[in-house]
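Notebook open, model loaded. I want to go through the annotated sites and then the domain layout.

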Amino acid sequence: MKDFMESLKDKLKEKGYKLTPQRRATLDTIIENQGKHLSTEEIYDMVKSKCPEIGLATVYRTLQLLDELEIISKINFDDGCSRYELNTHEDDHQHHHLICLNCGLVIEVEVDLMEALEEEIEKNCDFKISDHKVKFFGYCSKCK
Ligand SMILES: [Zn+2]
Ligand SMILES: [Zn+2]
Ligand SMILES: [Zn+2]
């Protein structure tokens, strides 16, 4: 994680930004809650307990900046709020999300499984695929 913070500092510096305590606290919160897909409001509540003086607008801007730098990615589960997760891969393809329509549970599927489809699209559409966001809607083991 130390190397990660170092590379993050470099990325911010390249763009003329500093790793301020607020930015650090925001990112720490996302790292500590990896796999939870926190919403902007949830992140704000948690960051506030570490940096009581921080405002929602600062957290909002920080998330946008980290998203721009591809350190985190924004995900939308069609539940009316923006959620974020850490970008754990550099050039790798994003994992898929299974979303339960009944209880809202989100399960991550780490395997890509899209190779055949990607190959087909790249060939037929003359398009180079670098990533994808796939959501499957259905019912989890408890709700089905
Ligand atoms: Zn893929
Ligand atoms: Zn469920
Ligand atoms: Zn995820």
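Predicted model: local features only at pLDDT ≥ 70, side-chain atom pairs only at ≥ 80, totals over all residues.

I started with the UniProt "binding site" annotation, from an unreviewed entry, that covers Cys-100, Cys-103, Cys-140 and Cys-143. UniProt positions are given in the numbering used here, with feature names shortened, and annotations may be inferred rather than shown by experiment.

Residues are numbered from 1 along each chain as its sequence is written, and chains are lettered from A and ligands numbered from 1 in the order in which they are written.

Next, Cys-100. I find it in strand β4, residues 96-100 (helices, H or I, of at least four residues and strands, E, of at least two are DSSP runs, numbered from the N terminus). Leaving out residues up to four places away in sequence, Cys-100 touches Leu-105, Gly-138, Tyr-139, Cys-140 and Cys-143; contact here means C-beta atoms, placed from the backbone, within 7 Å. Cys-100 counts as partly exposed because it has 17 C-beta neighbours inside 10 Å. The scale I used: buried is 20 or more other C-beta atoms within 10 Å, exposed is 12 or fewer, partly exposed is in between, with C-beta atoms placed from the backbone.

Then Cys-143, which sits in the segment after β6. Is Cys-143 buried or exposed? I get 12 C-beta neighbours inside 10 Å, so Cys-143 counts as exposed. Apart from neighbours within four places in sequence, Cys-143 is in contact with Cys-100, Asn-102 and Cys-103.

I also looked up the other UniProt "binding site" feature (unreviewed entry), at Glu-115 and His-132. These are spread over 18 residues of sequence but cluster in space, the largest C-alpha distance being 11.4 Å. Glu-115 lies in helix α5, residues 115-125, and it is exposed because 9 other C-beta atoms are within 10 Å. His-132 is in the loop between α5 and β6 (135-138). With 13 other C-beta atoms within 10 Å, His-132 is partly exposed. Beyond four places in sequence, I have His-132 in contact with His-93, Gln-94 and Met-114.

Last, the domains. The assignment gives domain 1 (2-86) and domain 2 (96-138), with bounds from an automatic or database domain assignment. Their centres, taken over C-alpha atoms, are 24 Å apart. I noted four residues of domain 1 in contact with five of domain 2.

Note on methods
Contact = placed C-beta atoms within 7 Å.
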